[in-house]
Amino acid sequence: MSAVNTVVNVNNRLHGENTDGKGFLRSLVDDAGVNPSGKRIVLLGAGGAARAIAVELALVEASEITVLNRSAWRGQELIA
């Protein structure tokens, strides 16, 4: 994803992680009671958080992810 918002020290080695997508997915499943697996998803935006969310949705096998964004090129970049 080329983005880091959390750094974890594991055995004196720093590892960068992006928690945006994982946090979104956790709130979707745990708080809203929605399992996105096999579902068609519309993602509004194509910025850094949207990229992380799209990756997590793909990992849980959402059946389709449609990206809507103000600039078409940025949406297409996310899809690629």
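**Salt bridge, helix packing and hairpin in a predicted model**

The side chains of K22 and E56 meet in a salt bridge, with 3.3 Å from N to O, where a salt bridge is a side-chain nitrogen of Lys or Arg within 4 Å of a carboxyl oxygen of Asp or Glu. This pair links distant parts of the chain, since K22 lies in helix 1 and E56 in helix 2, 34 residues apart. By this rule the count comes to three salt bridges. The model is predicted, so local features need pLDDT of at least 70 and side-chain atom pairs count only at pLDDT 80 or more, whereas totals for chains, interfaces and linings use all residues. Residues are numbered from 1 along each chain as its sequence is written, and side-chain values use heavy atoms, with hydrogens and water left out.

**Overall layout**
- The chain holds three helices and four strands, these being DSSP runs numbered from the N terminus (helices H or I, at least four residues; strands E, at least two).
- From the N terminus on, the order of the elements is β-β-α-β-α-β-α, and the C-alpha trace spans about 40 × 30 × 15 Å along its principal axes.

**Helix 1 against helix 2**
- Helix 1 (residues 20–31) packs on helix 2 (residues 48–59) at an angle of about 60 degrees, with the axes 7 Å apart; axes are lines fitted to C-alpha atoms, for helices over the stretch in contact, and angles run from 0 to 180 degrees between N-to-C directions.
- That angle makes helix 1 oblique to helix 2, because angles under 35 degrees count as roughly parallel, over 145 as roughly antiparallel, 65 to 115 as roughly perpendicular and the rest as oblique.
- D20, G21, K22, F24 and L25 of helix 1 meet A49, A52, I53, E56 and L57 of helix 2, contact meaning heavy atoms within 4.5 Å.
- The residues of this contact divide into six nonpolar, one polar and three charged, with Ala, Val, Leu, Ile, Met, Phe, Trp, Tyr, Cys and Pro counted as nonpolar, Asp, Glu, Lys and Arg as charged, and the others, Gly among them, as polar.

**Helix 2 against helix 3**
- Helix 2 and helix 3 (residues 72–79) pack at an angle of about 35 degrees, and their axes are 10 Å apart.
- G48, A50, R51 and A54 of helix 2 make the contact with R74, E77 and L78 of helix 3, and the residues of this contact divide into three nonpolar, one polar and three charged.

- V10 has R13 as its bridge partner in strand 2, while V8 stands opposite H15.
- Two residues lie between the strands of this hairpin, in which N11 takes a positive phi near 55 degrees.

How values were computed:
Two strands pair if DSSP finds at least two bridges between them.
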